[in-house]
Amino acid sequence: MIPIDLKGKVALVTGSSRGIGRAIAESLAAAGSDVILNARQETPELREAAAEIARKHAVRCEAIFADVGSVEQVNALFQQTFKLFKRLDTLVNNAGVLREAMIGMISQEDMTRTIGINTVGTLNCIQVGARLLQRSGGGSIINLASIVGVRGNAGQLVYAASKGAIVTATLAAAKELASRAIRVNAIAPGYIDTDMMKSTPQEIQRKTLASIAMGRVGTPADVAGVALFLASPLSQYVTGTVIGVDGGMLI
């Protein structure tokens with residue numbers, strides 16, 4: 001196995017207080033990268049997580065609070081990143097929300113919030129983050145899409161739309177940023193064992209498990225492994241891809 005060494009690199013992972021984002025931050029830190037954790041609201045838990053990652057992996061890990069749906073806060077997020085580290089090599093756009101509702105029952109508030117975080121938030125971070133990545137000599141942008149954004153799913157019209165937009169945005173950004181040595185790829189997880197998925201009704205969880213060819217629910221570590229690959233030199237000629245991490249799930 002080729003070892004992955006990210007010493008001297010800096011990664012920013014949005015929505016990294018728990019679940020997939022936390023697992024990705026851990027995997028990058030384990031490979032030697034310094035890491036910025038991000039969450040929308042200031043909590044002692046995120047600062048504690050940063051301190052724990054720093055101790056465990058002997059890297060520098062900082063917590064910066066910002067709502068990716070706000071252009072002003074995203075600008076401040078990257079300004080603070082530059083102030084602390086003077087560079088950025090990996091940007092992981094993971095922050096997202098899932099609010100389920102059938103067509104005709106979707107509130108305007110849920111629609112605005114879902115698109116605002118999942119889609120606009122990612123676009124905000126790509127726009128601002130690309131400047132810092134280019135200044136650092138290039139790097140990797142990793143967007144978290146979803147199998148729902150590729151295949152669709154009943155009861156998830158807005159979520160599917162928000163994540164489908166991430167797929168096409170990834171393809172467009174990859175074409176535009178390749179000349180600046182910035183690779184842009186997306187990961188499309190299937191059913192992953194996170195707090196977000198645990199909030200769905202038990203009957204839906206059972207049906208979902210039955211649809212997975214590998215016969216098990218995915219873990220945040222399954223997604224983090226792919227993110228580590230995309231952040232590393234092992235993927236230096238990979239851009240404009242959408243990698244499914246779904247265990248052969250059919251929806």
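Mentor: Let's begin with a definition: on a 1 Å grid over the protein atoms alone, a cavity is a set of points where a 1.4 Å probe fits but cannot get out, and lining residues have an atom within 4 Å of a point. Grid points are joined across faces, edges and corners, and a volume is the space filled by probe spheres set on the points. Bear in mind that this is a predicted model, where local features need pLDDT of at least 70, side-chain atom pairs count only at pLDDT 80 or more, and totals for chains, interfaces and linings use all residues. Residues are numbered from 1 along each chain as its sequence is written, and side-chain values use heavy atoms, with hydrogens and water left out.

Trainee: How many cavities of 30 Å³ or more does a search of the whole structure find?
Mentor: The search turns up one, and the largest cavity holds about 40 Å³ of space.

Trainee: Which residues line the largest cavity?
Mentor: Among them are Arg99, Asp110, Gly155 and Leu157. The lining splits into four nonpolar, two polar and three charged residues. Here Ala, Val, Leu, Ile, Met, Phe, Trp, Tyr, Cys and Pro are nonpolar, Asp, Glu, Lys and Arg are charged, and the others, Gly among them, are polar.

Trainee: What makes Glu26 and Arg22 a salt bridge?
Mentor: The rule asks for a side-chain nitrogen of Lys or Arg within 4 Å of a carboxyl oxygen of Asp or Glu. Their N to O distance is 3.2 Å, so the pair passes. By this rule the count comes to 11 salt bridges.

Trainee: Where do Glu26 and Arg22 sit along helix 1?
Mentor: They are four residues apart in helix 1 (residues 19–30), so about one helical turn separates them. A helix here is a DSSP run of H or I, at least four residues long. Both also belong to a salt-bridge network with Glu52 and Lys56.

Trainee: Why is Glu26 called buried?
Mentor: Buried means under 20% relative accessible area, exposed over 50%, and partly exposed in between (1.4 Å probe, protein chains only). Glu26 has 14%, so it is buried, and Arg22 is buried too, at 18%.

Trainee: What about Arg87 and Asp89?
Mentor: Their closest N and O atoms are 2.6 Å apart, a salt bridge. Arg87 is partly exposed at 26%, whereas Asp89 is buried at 6%.

Trainee: How do you know that Glu176 forms a salt bridge with Arg180?
Mentor: The closest N and O atoms are 3.9 Å apart, so they meet the rule. Glu176 is exposed at 52%, while Arg180 is partly exposed at 32%.

Definitions and conventions: Helix = DSSP H or I, 4+ residues; strand = E, 2+ residues; numbered from the N terminus. 1 Å grid on protein atoms, 1.4 Å probe; cavity = no way out; pocket = protein on both sides within 12 Å on 5 of 7 lines; lining within 4 Å.
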